[in-house]
Amino acid sequence: MGTLSKVLCLMLLCCIVAAAEGTLKYKDPKQPLGARIRDLMNRMTLQEKIGQMVQIERSVATPEVMKKYFIGSVLSGGGSVPSEKATPETWVNMVNEIQKASLSTRLGIPMIYGIDAVHGHNNVYGATIFPHNVGLGVTRDPNLVKRIGAATALEVRATGIPYAFAPCIAVCRDPRWGRCYESYSEDYRIVQQMTEIIPGLQGDLPTKRKGVPFVGGKTKVAACAKHFVGDGGTVRGIDENNTVIDSKGLFGIHMPGYYNAVNKGVATIMVSYSAWNGLRMHANKELVTGFLKNKLKFRGFVISDWQGIDRITTPPHLNYSYSVYAGISAGIDMIMVPYNYTEFIDEINSQIQKKLIPISRIDDAVKRILRVKFTMGLFEEPLADLSFANQLGSKEHRELAREAVRKSLVLLKNGKTGAKPLLPLPKKSGKILVAGAHADNLGYQCGGWTITWQGLNGNDHTVGTTILAAVKNTVAPTTQVVYSQNPDANFVKSGKFDYAIVVVGEPPYAEMFGDTTNLTISDPGPSIIGNVCGSVKCVVVVVSGRPVVIQPYVSTIDALVAAWLPGTEGQGVADALFGDYGFTGKLARTWFKSVKQLPMNVGDRHYDPLYPFGFGLTTKPYKM
C-alpha cells in the first residue's frame with residue numbers, strides 16, 4: 001500500500017471514529033436502556049466506576065473533587081443548606097455548579113443530588129411541611145399520601161434536586177424509638193397502603209415489569225424506601241440497635257412494605273443501621289443481595305445510610321477495611337461516605353487489587369446506578385432551572401397539608417362521663433383561653449427533620465400557621481382570645497373563660513436523640529393541664545411524635561385530641577376543633593396506659609391499652 005493510500009485510510013478511520021463519537025450510544029435517548037448502560041460501562045475506567053459508587057456531602061463537593069474522583073452523587077445532610085433561608089434560586093445555582101463539574105469530566109456522567117424530604121421538602125425555608133408519617137398513617141388514605149408525594153416532588157424539583165430519601169416504611173413496634181414518628185403504623189398493612197406515596201414522588205409505573213426503577217420526568221423525583229429492614233423492631237426501641245425476631249416475624253411484619261415499594265418501581269432502597277439477630281444490615285448479604293436483589297428482583301440501586309458502613313463495627317470506623325469489604329460484598333451499590341471519600345476510594349481500590357472485591361460486584365453497582373440515572377432523564381436534562389420555583393410552599397400545597405392535618409387528628413375523648421360533648425367548640429364566645437408552649441411554636445408543631453436535623457424551637461425559622469394563629473383566624477371577631485403559655489390556677493379561675501384549649505406535647509428530636517424510656521409530656525405540660533382543666537372546660541391537644549403518658553390526666557380533661565406532628569399548617573387543627581370539618585382519624589398506633597406495658601402492639605396476647613389501635617371518636621361538621 002502506497003503512502004497516499006495509507007494516509008487516506010488513516011483519514012477515513014479518523015472520520016469513522018469522529019462520527020461514532022458524535023453519536024455516542026449512551027448519549028442517545030432513542031437507544032434501548034440496556035444498550036446505553038453497556039455502551040457507557042464499556043468506556044469507563046475502574047476509577048470512573050468507583051466514583052459512581054461514592055456519595056459525598058455538599059460541603060466537600062467542590063468542582064475539583066467532583067472532577068478528580070468522578071463522584072457519582074452528592075447529598076445535603078439534615079440541615080445542610082447553601083445559606084440560611086436560601087431561595088430556590090440559591091439552591092438551583094449550587095446544585096448546577098456541582099453538576100457542571102461532573103459534566104466536564106471525560107464521559108460527562110451527571111451526578112445525582114439527594115436530600116431528606118421526609119415530610120415535605122423539610123430542609124428548605126418556606127417549603128410546605130406536611131404531617132409526619134405517624135399522623136398520615138391515621139388517615140388510612142393512600143390517595144392523600146400519593147398527592148403529598150406529588151406535591152413534595154414538585155417542591156424538591158423547585159430547588160433543582162431530583163432525588164429524595166423518602167419514604168420511611170419502617171414498622172415501629174415500640175414508641176420508645178426516636179424515629180417512631182417516621183413510621184406510618186405498628187401495623188404493616190397500613191405501611192403497605194402508604195407506599196402509594198412512591199408513585200406520588202416518582203410517577204405511576206407505566207409497565208408492570210417487576211422491580212424496574214421508574215421516575216416520570218422533570219416534575220418527579222427518584223424515591224428511596226428505607227431502612228431495609230427491621231429498623232422499627234429494635235430491642236426497647238433503641239435506635240440503630242438489634243432487632244431480635246425470627247424469620248417469620250421479620251418477613252411477616254417488617255418486610256411486606258418492601259414488596260409494595262419494589263412493585264411500584266421505587267428507584268432506590270436505603271439499608272438500615274440496625275442489626276437482625278446480631279448481624280448488621282449493612283453487612284447482611286443474604287438479605288440485601290440474596291433476598292432484595294435476587295428474590296424480589298429489585299433492579300434500582302441500594303444505598304447505605306450516612307456513614308452506614310462505618311457503623312458495621314462498634315465503635316464506628318474501628319476497622320474500616322472490614323467495613324468496606326462487608327458493605328460492598330453485602331450488595332450495597334452507593335456508599336453515603338459522606339466526608340472521608342479519599343479513604344473509601346483508596347480502600348476499595350486496594351481490595352479490588354487484592355481480589356477481595358470482584359470487578360463483577362463493582363459492575364453490578366455501577367449498572368444499577370446508571371440505570372436509575374438514565375431512567376430519570378438525567379443524561380438528557382442534567383441541569384436544573386427555576387421553572388418550578390413557584391411550587392415551593394404554594395397555596396395549593398399548603399391547602400393539601402391542611403387537609404392532611406385535619407384527617408390525621410384523632411379524637412380520644414369528647415366530654416366527661418354523662419356530660420355533653422365539648423367538641424365542636426363554639427366560634428362565638430365571650431372569652432377563651434389558649435395555653436401551652438406548643439400552641440404558638442411552629443418549630444414544635446413541625447418536629448424533627450425540619451430546617452435542621454433535630455428541628456427547632458420558635459416561629460421565625462420557616463413559614464406557616466401556628467395553632468394559636470389558627471384559633472384566632474377561626475373564632476368570631478367578637479370572641480376574645482387570651483394566650484398564656486403557662487398560666488397558674490388563680491389566673492384561670494379569675495379569668496371567666498368560656499373554655500380553654502391547652503396545647504402540650506414533646507419537644508422536637510430526631511433519631512437517637514428521641515430515644516426515651518419515659519415518654520412523658522414535657523414540662524410544664526402536666527401542670528398546665530392541672531391548672532387549666534381543674535377550673536374551666538378544656539380540650540387538650542397533644543403535639544407529639546408518638547403516644548405519650550396521658551392516663552393520669554384523662555379524668556380531668558373534657559376533650560382530648562392527638563395531633564401528632566402536624567407541620568406548618570396548623571389551620572387544619574382549628575378546622576376540626578371548631579367543626580368546619582368532622583374528626584375522622586383512627587389510631588394507627590396503640591396508646592398505652594403505662595410505659596411498663598411496652599412493647600405492646602395490636603394482636604399481642606396481653607393487650608390492655610388506654611386507647612386501642614383503630615380507636616377514634618368522630619364528630620359531624622358544625623352546621624352554621
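To start, which handedness does the link of C172 and C180 have about the S-S bond?

A: The link of C172 and C180 is left-handed, with -105° about the S-S bond. Before going on, a quick note on where this comes from: it's a predicted model, where local features need pLDDT of at least 70 and side-chain atom pairs count only at pLDDT 80 or more, while totals for chains, interfaces and linings use all residues. Residues are numbered from 1 along each chain as its sequence is written, and side-chain values use heavy atoms, with hydrogens and water left out.

Back to the sulfurs. A disulfide is a covalent bond between the sulfur atoms of two cysteines; here the working test is a pair of cysteine sulfur atoms within 2.5 Å. Searching the whole structure with that test turns up two disulfides. In one of them, the sulfur atoms of C172 and C180 sit 2.1 Å apart. C172 and C180 are both buried, where buried means under 20% relative accessible area, exposed means over 50%, and partly exposed is in between (1.4 Å probe, protein chains only).

The other pair is C533 and C538, with sulfur atoms 2.0 Å apart. The torsion about the S-S bond of C533 and C538 is about 105°, so this disulfide is right-handed. Burial applies here too: C533 and C538 are both buried.

C168 is in no disulfide, and the nearest cysteine sulfur, that of C172, is 9.3 Å away. C168 has 4% relative accessibility, so it counts as buried. C446 is in no disulfide either; for C446 the nearest cysteine sulfur is that of C168, 18 Å away. With a relative accessibility of 1%, C446 also counts as buried.
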